[in-house]
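Dear colleague,

I am handing over the structure below, and would ask you to look through it before reading the notes that follow.

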Amino acid sequence: MNAEKMQRTVTRFQTDVANSLTQLRADVDAEELHHLPKNHPVTIATELYQHVEQVHYEMPFIKKLRHPGIRSRHWKLIEALIGFDLRSVLDLAVVDVVSMDFDGKKYQIEEILSKAMSEYALEFGLDKMRDQLDALQFIIESHDDHNLIADQVCCEKIVEIIDAQYVEAQSLMLSPFVGAFTSRATDWITYIKDLNSFTELLMDCQWSFLYYLPLFSMGDVANLIPEQAQSFRHITKLYQTVAKALQVDSYLVHVPQRPELRAQLLQCQGLFDGLKG
């Protein structure tokens with residue numbers, strides 16, 4: 001049973017029955033309406049409308065029962081409450097589900113279902129953030145005939161997205177429904193902070209590389225400070241190794257599996273500090 005489709009069907013059927021009942025009543029005198037036999041079309045249509053109205057009233061509960069966020073842990077809580085596995089009724093006819101009173105504990109069941117739906121919304125939010133990061137790629141382009149660099153606008157966009165996700169993840173941690181996903185949310189915050197630090201390290205090294213590149217491209221300067229020139233050649237080799245690696249595999253989410261990239265950038269950063277000194 002597709003609950004959403006059933007909801008639409010019940011609503012449409014309720015409207016159709018109501019319209020038909022109005023038309024049937026219009027053909028009967030007002031005084032006769034309270035004395036009609038059971039087999040009269042108005043009586044039959046009235047009973048039908050009452051049944052449809054009851055089903056329509058119960059549809060929000062039925063939709064909750066069919067919600068994808070209801071996990072085994074929630075079914076177990078409900079089973080402990082009413083004494084049987086409620087999943088067994090999901091394949092019953094709607095009228096059978098509607099007729100069940102669940103030992104007067106329907107309200108408690110709805111509380112469990114509502115909590116499960118709220119938890120699902122958090123889980124969906126984490127999934128959405130993961131999907132968003134899965135699509136992010138660095139753009140590596142030629143700076144000149146010899147050097148590759150990462151597109152600055154692309155890097156800034158990545159940092160912007162990660163910053164927004166960090167705020168959203170922190171908000172999730174404050175939700176009263178995060179319990180089941182606390183570990184996942186915490187791990188995600190650590191993960192995106194790691195990606196953010198790598199991207200900012202890449203941007204920092206690139207800024208320094210582009211700052212010093214024109215200086216050490218001058219032969220006279222390189223001859224005057226040979227040690228620094230040699231250090232910059234080492235930096236260039238390291239940075240271009242990272243840039244080429246990101247050109248081959250540009251996906252941001254693959255960075256944690258390639259620790260050598262961060263190590264090479266950190267080495268670059270240390271050498272740049274030596275040049276500044």
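The radius of gyration used here is taken over C-alpha atoms, and the globule rule is 2.2 Å times the number of residues to the power 0.38. By that rule a compact globule of 277 residues would have a radius of gyration near 19 Å, whereas the protein chain has 33 Å. Taken along the principal axes, the box filled by its C-alpha atoms is roughly 115 × 45 × 25 Å.

Please keep in mind that this is a predicted model, in which local features need pLDDT of at least 70 and side-chain atom pairs count only at pLDDT 80 or more, while totals for chains, interfaces and linings use all residues. Residues are numbered from 1 along each chain as its sequence is written, and side-chain values use heavy atoms, with hydrogens and water left out.

With helices (H or I, at least four residues) and strands (E, at least two) read as DSSP runs and numbered from the N terminus, the protein chain has 10 helices and two strands, in the order α-α-α-α-α-β-β-α-α-α-α-α. If contact means heavy atoms within 4.5 Å, then 73% of the contacts with a separation of 6 or more in the protein chain are between residues 24 or more positions apart.

Buried means under 20% relative accessible area, exposed over 50%, and partly exposed in between, with a 1.4 Å probe and protein chains only; on this scale 39% of the 277 residues of the protein chain count as buried. A nonpolar core is here a set of buried Ala, Val, Leu, Ile, Met, Phe, Trp, Tyr and Cys residues joined through side-chain atoms within 4.5 Å. The largest such core has 50 residues, of which Leu133, Phe138, Leu202 and Phe232 touch the most other members. At least two residues of this core come from each of α5 (106-134), β2 (148-150), α6, α7 (182-216), α9 (226-248) and α10 (259-276), and α7 gives the most, with 13 residues. A second, separate core of 20 residues includes Val55, Leu86, Val98 and Leu113.

Leaving aside neighbours within four places in sequence, Leu133 is in contact with residues including Ile161, Trp188, Leu195 and Val253.

Cys155, which lies in helix α6 (residues 152-173), counts as buried because its relative accessibility is 2%. Beyond its neighbours within four places in sequence, Cys155 is in contact with Phe138, Ala150, Thr199, Leu202 and Met203.

With kind regards
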